Amino acid sequence: MRSKTDPILSLGLPEEVLIKATAIALFLVLGLPLIGCERLDSSTVPAPSEDTPASELPPKQLSTFQQIQGTPYLMAPINRSSDRASSFSSYDSGYTVHNVAFLDTTTLASHRLLESNDALIVSTTEYGDLVEGTTVTQWLVHLIIAADTNDDGVLDSRDHKTLATTDAAGQGYVEVITGIDNTFGIVMVEPGALVVTYEQEGDKRVSTLDLNGQTITATQPLVELGAEVR
C-alpha cells in the first residue's frame with residue numbers, strides 16, 4: 001500500500017485504482033540485468049569511446065530470452081556484449097542495446113522490434129494489470145534513440161529520444177512522442193493510462209498517454225521551476 005505522501009496519490013485517484021494499476025517494472029535498462037539474470041561482468045568488455053573504430057567494438061549478438069510476465073511471449077536484447085549468457089551490459093560511454101527480439105512460445109513465430117539494428121534502445125518497460133490476482137503484461141513502452149539529432153556523428157544520450165509503444169508481444173509499434181530531450185518519469189496511474197514528464201524543444205511538459213489507443217490524450221507545460229533549474 002502506498003503511503004499518504006506518495007506523489008501519485010496527489011493526482012486524486014482512488015487508492016484501489018492505484019493498487020490495481022500497479023505497473024510491472026521489468027526494466028531492460030542498460031546497466032540493469034533482467035530479473036533472474038546475472039549482470040554482465042563489465043571487466044570482460046572493453047569500454048569504447050566516441051572515437052573507437054567500429055572494427056574494435058564487440059559484435060552485436062542476441063542475448064538471453066526472458067518471459068514477458070503473464071504471457072506466452074519472450075524477449076531478448078540484441079546488444080554489444082562479449083558474454084552471450086548475459087541479458088544486458090553497459091558501457092560508461094553510453095547505451096549498447098540496438099534492438100529487441102520477440103518470440104511467441106505458442107506458434108514459435110519471432111520478430112524484431114525495429115527493422116534494423118542501428119538504433120539504441122534506452123529502455124523497454126512492461127506495464128500490466130491484475131488478472132485473477134496475477135499481474136499480466138499488456139503493453140510495452142520503449143525509449144529509443146534512432147537518429148543523430150545533434151549531428152555530432154554518434155548516437156548517444158545527447159540525441160533526441162522517441163517514446164514508442166507496442167502490445168505485450170512487441171507488435172503494433174507506434175511512435176507516440178518524438179524529439180524528447182530528457183524524461184523525468186513515466187508512471188501508469190490507471191490501467192492503460194500513462195503520465196509522462198519530459199523535456200521537448202527546451203520546454204518541460206507533462207502528457208497523458210492512452211496505451212490502448214497509442215495516442216497522447218492531453219499535454220500541459222510543467223510549472224515554472226525557476227531560471228536556475230535546467
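This briefing describes strand β11, its sheet and the residue Lys204. The model is predicted. Strand β11 spans residues 203–210 and contains Lys204. The strand belongs to an open, antiparallel sheet of seven strands.

**The sheet**
- The strands are arranged in the order β6-β7-β8-β9-β10-β11-β12.
- The edge positions are taken by β6 (120–131) and β12 (215–221); each has a single partner strand, so one side of each has no neighbour in the sheet.
- On average, and with direction ignored, neighbouring strands of this sheet are turned by 30° against each other.

**Pairing of β11 with β10**
- Eight bridges link β11 to β10 (residues 193–200) in the antiparallel sense.
- One of the bridge pairs joins Ala193 to Asp210 in β11.
- The two strands form a hairpin with two residues between them, where Glu201 adopts a positive phi near 55°.

**Pairing of β11 with β12**
- The antiparallel strands β11 and β12 are joined by six bridges.
- Bridge partners here include Val206 with Gln220 of β12, and Leu209 with Ile216 of β12.
- Four residues lie between β11 and β12 in their hairpin, and Gln214 in the turn has a positive phi of about 55°.

**Lys204**
- Lys204 is buried but has no salt bridge.
- The nearest side chain of opposite charge is that of Glu199, 4.2 Å away from Lys204; the salt-bridge criterion requires a distance within 4 Å.
- With neighbours within four places in sequence left aside, Lys204 is in contact with Phe184, Tyr198, Glu199, Pro221, Leu222, Leu225, Val229 and Arg230.

Definitions and conventions. Residues numbered from 1 in each chain as written. Predicted model: local features only at pLDDT ≥ 70, side-chain atom pairs only at ≥ 80, totals over all residues. Heavy atoms only, no water. Buried < 20%, exposed > 50% of the residue type's maximum accessible area, 1.4 Å probe, protein only. Lys, Arg positive; Asp, Glu negative; His and termini not counted. Contact = heavy atoms within 4.5 Å. Pairing = 2+ DSSP bridges. Axes fitted to C-alpha atoms, helices over the stretch in contact; angles between N-to-C directions.
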